[in-house]
Amino acid sequence: MKEEFESYGLPEWVMYFVGSLKVILSLGLLASIYYDKLEVPSAFGIAFLMFVAILMHLKISDPIKKSLPAFIFFTLSLIVALVQ
């Protein structure tokens, strides 16, 4: 992952920040099983991170195959956030 962030031209601290956000938002989604109010913000947060990931893949001209996981998680997160 470190090499991936370097190829995007991002410093190492961004990798740790994004990784922490992913963990926090994922835990928010899990907690939303019991606390409904966490579902939408957590899902939108993950969707935002995945949207930025897609943009970064496009920026460095990665093949579609490499950005497909981000696109799938973006789509699934939007579905979770919008369908209630």
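Lys2 and Glu12 form a salt bridge, their closest N and O atoms lying 3.6 Å apart, where a salt bridge is a side-chain nitrogen of Lys or Arg within 4 Å of a carboxyl oxygen of Asp or Glu. By this rule the count comes to 1 salt bridge. Because Lys2 lies in helix H1 (residues 2–7) and Glu12 in helix H2 (residues 12–31), the pair ties together parts that are 10 residues apart in sequence; helices are DSSP runs (H or I, at least four residues), numbered from the N terminus. The model is predicted, with local features needing pLDDT of at least 70 and side-chain atom pairs counting only at pLDDT 80 or more, while totals for chains, interfaces and linings use all residues. Residues are numbered from 1 along each chain as its sequence is written, and side-chain values use heavy atoms, with hydrogens and water left out.

- Lys2 counts as partly exposed at 39% relative accessibility, a class that lies between buried (under 20% relative accessible area) and exposed (over 50%), with a 1.4 Å probe and protein chains only.
- Glu12 likewise counts as partly exposed, at 39% relative accessibility.

**Nonpolar surface patch**
- Phe44, Leu68, Phe71, Ile72, Phe73, Leu76, Ile79, Leu82 and Val83 form a nonpolar patch on the surface, with about 880 Å² of accessible area together.
- Such a patch is made of residues with over 30% relative accessible area and no salt bridge, nonpolar side chains (Val, Leu, Ile, Met, Phe, Trp, Tyr) being joined within 5 Å, and the areas come from the Shrake-Rupley method with a 1.4 Å probe.
- Helix H4 (residues 64–82) supplies the largest share of the patch, 7 residues, and Phe73 has its place in this helix.

**Surroundings of Ala43**
- Ala43 belongs to helix H3 (residues 39–59) and counts as buried, at 0% relative accessibility.
- Leaving aside residues up to four places away in sequence, Ala43 touches Leu29, Ser77, Val80 and Ala81, contact meaning heavy atoms within 4.5 Å.
- The C-alpha atoms of Ala43 and Ile79 are separated by 8.6 Å, although the two are 36 residues apart along the chain.

**Largest pocket**
- About 510 Å³ of space lies in the largest pocket, a pocket being an open set of points on a 1 Å grid, where a 1.4 Å probe fits, with protein on both sides within 12 Å along at least five of seven lines.
- Its lining, residues with an atom within 4 Å of a point, comprises 25 residues, of which Val18, Lys22, Leu49, Met50 and Ala53 lie nearest the centre.
- H1, H2, H3 and H4 each supply at least two lining residues, and H3 gives the most, with 8 residues.

Note on methods
Patch = residues over 30% accessible without salt bridge, like charges linked within 9 Å, V, L, I, M, F, W, Y side chains within 5 Å. Points joined across faces, edges and corners; volume = space filled by probe spheres on them.
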